[in-house]
Amino acid sequence: MQKHYNQYDETVESTRLANGMKVIVNPKPQFNSTYAMLTADFGSINVRLKNRIVPAGIAHFMEHKLFDKEHYDSSDHYAALGASDNAFTSFAQTSYLFTATDNVIENLRVLLDLVYHPFFSTEKIAKEQGIIGQEILMYQDDPNSRLYFDTIANLYSNSPLSADIAGNIASIAQITEADLYATYHQYYQPGNLTLTICGPVTLADILPVLQTLPTTSGDQAELRRLKQQTKRDIQNSLVIPKTTTSLGVTTPKVAVGYRGPAPIRAGRDFAQQELAFGIFLQLLFSEDSDIYQQLYQTGIINDSFGFDFEMEAAYHFLIFAMDTEQPERFSGKIGAVIEQALQDPQRLAPQFDLIKNEELGERISQMNSVSAIANQLGMAIDGYTNLFDEIEIINQLDLKTVVTFARDFFRASQKTINLIK
């Protein structure tokens, strides 16, 4: 399949291999660098197997261990080919990537070998448990990290989303070779993988390499059942209204979290909802908004203020955070600003076009970045809506649509306040 975007003279090529893996390429013949990313629709929340639960942190642990083969490390192969490589795990996905200016096909072979050929052993697992354990301890001592992850744990208590992405010392100590292989075969099925590439390559260039991959796709029905059960586990969790933790910080840190309803949309509608709600937040809390400037000038917010919004198939949350001696004042004013905007959305109208144009401008500037494009060539939940599609969606958004999505979120939202002193 090929789609051409005349306005930008851009083409996106895509196919689904016989084994089920989705492949999306944005050819950039005028560029020198290529960015490739292979993503598993599998993150830290996916701890369910057919007959049991595996330890928290196993997705992040596997991300580390897939590089470490029996007789070599994949990073060494990348380095020998002149590529830069990396990987990351989130709540909902795990991605492996490389950037290269040459040897693209050879580096792609390394990437595919990394993901398609696991090797786990008791000895290598024990070594990694010590390494990741130190990483966990480091984040446990970081107040900003604690504020963020503990707030999410408040919003979705005792659920897969309440555990840190890396797990904890006790959980990773329980990970076994059998756990890793069973989890790998359940979630690293080709039908659960997406390869995105941006650079001076075409789909035709890489197909010969992809045709050497296994042709079996795994049990997709069982995979869907497990994901649906995980979504229920998250949505059936309770919200903890307020927590306070003592870490001896100089200035107290506060986070106000809102848990929205689980998204019921999919495909392009999912992307529209996500983009619309993002614009609503920018209208209220971006540095260019009048409301932000008023909050800043009156001392309600300061330079430490920030917010984070995440929307995935199983969850939908928003977190505001700041360092302040007056956490109740901060929390109350944030809530009041949102309520006023929903009751009188016309007060947002004068800046709507400005904020929308800023969102468009940001995406147009990203067209010069192979990494930005490859990271936004879409995912299954949004029907593989890409960067160029997003521009079209944003252009079509009006204030009424934006406010409607915001009302839907906050009407059904639950709130928590997390304080670190």
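**Close-up 1. Surroundings of Asn46 in the predicted model.** Asn46 touches Asp41, Tyr187, Lys227 and Thr230, leaving aside residues up to four places away in sequence, where contact means heavy atoms within 4.5 Å. Asn46 is found in the loop between strand 4 (34–40) and helix 1, with helices (H or I, at least four residues) and strands (E, at least two) taken as DSSP runs numbered from the N terminus. At a relative accessible area of 6%, Asn46 is buried (under 20% relative accessible area, with a 1.4 Å probe and protein chains only). A polar atom of the Asn46 side chain lies 2.8 Å from the backbone nitrogen of Gly43.

**Close-up 2. The aromatic rings of Phe67 and Tyr96.** The ring centres of Phe67 and Tyr96 are 6.1 Å apart and their planes stand at 50 degrees, so the pair is tilted (centres within 6.5 Å; planes under 30 degrees apart count as stacked, over 60 as edge-to-face and the rest as tilted). Phe67 lies in the loop between helix 1 (58–65) and helix 2 (74–80) and Tyr96 in strand 6 (residues 94–100), so the pair ties together parts that are 29 residues apart in sequence. Both Phe67 and Tyr96 are buried.

**Close-up 3. The aromatic rings of Tyr315 and Phe317.** With centres 5.8 Å apart and planes at 20 degrees, the rings of Tyr315 and Phe317 form a stacked pair. Tyr315 and Phe317 are both buried.

**Notes on the model.** Residues are numbered from 1 along each chain as its sequence is written, and side-chain values use heavy atoms, with hydrogens and water left out. The model is predicted: local features need pLDDT of at least 70, side-chain atom pairs count only at pLDDT 80 or more, and totals for chains, interfaces and linings use all residues.

Definitions and conventions. Rings of Phe, Tyr and Trp (its six-membered ring) pair if their centres lie within 6.5 Å; planes under 30 degrees apart count as stacked, over 60 as edge-to-face and the rest as tilted. Buried means under 20% relative accessible area, exposed over 50%, partly exposed in between (1.4 Å probe, protein chains only). A polar contact is a pair of N or O atoms within 3.5 Å; within protein, one must be able to donate a hydrogen and the other to accept it, and residues adjacent in sequence count only if both atoms are side-chain atoms.
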